[in-house]
Amino acid sequence: MTTQTQESFSVPPSLETAVNGALQWINTDRAASFEITGLIGEEHALNAAPGEVFELGLVLCDGELCACEQVRFKPTGDNFEYNLVESEKPDVPALLDPPPGIRASWLDEQLAKHEFLLLLFYRGRW
């Protein structure tokens, strides 16, 4: 498993084990093939003391869908225990891109209202 999923993004070396484990956990749980395309709140994770529980937002993309998952990392020996963190009002929406099928109808609706649309896609968000 590689930690560099895009030319412009790589996981900080001290977080590689934790992030790669969380990615594998999520992919196995969802029978998915997400890749890490960004991290949210990595400063807190990088500053966590050894053995300290920390949270980290993972920006995940599978080519069709991008999502953000807030994950709690609990060190257990040489590994981690992972749990998804539910937030009443997250800073970043869980689905960063509309689910498949909705995007086309949304674009059609917007094009009916406007002469043109400019779509900007950056690190899993548009």
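I looked up E69 and found that it forms a salt bridge with R30, the closest N and O atoms being 2.8 Å apart; a salt bridge here is a side-chain nitrogen of Lys or Arg within 4 Å of a carboxyl oxygen of Asp or Glu. E69 lies in strand β3 and R30 in helix α1, so the pair ties together parts that are 39 residues apart in sequence.

I note that the model is predicted, that local features need pLDDT of at least 70 and side-chain atom pairs pLDDT 80 or more, while totals for chains, interfaces and linings use all residues. Residues are numbered from 1 along each chain as its sequence is written, and side-chain values use heavy atoms, with hydrogens and water left out.

I then checked burial (buried means under 20% relative accessible area, exposed over 50%, partly exposed in between, with a 1.4 Å probe and protein chains only). E69 is buried at 15%, whereas R30 is partly exposed at 33%.

Searching the whole structure, I found 2 salt bridges. E55 and R72 also meet in one, at 2.7 Å from N to O, and because E55 lies in strand β2 and R72 in strand β3, this pair ties together parts 17 residues apart in sequence.

I turned to the sheet, which is open, has 4 strands in the order β1-β2-β3-β4 and pairs in the antiparallel sense. Strands (E, at least two residues) and helices (H or I, at least four) are DSSP runs numbered from the N terminus, and two strands pair if DSSP finds at least two bridges between them. I recorded 5 bridges between β1 and β2 (residues 54–61), with L60 in β2 as the bridge partner of I36.
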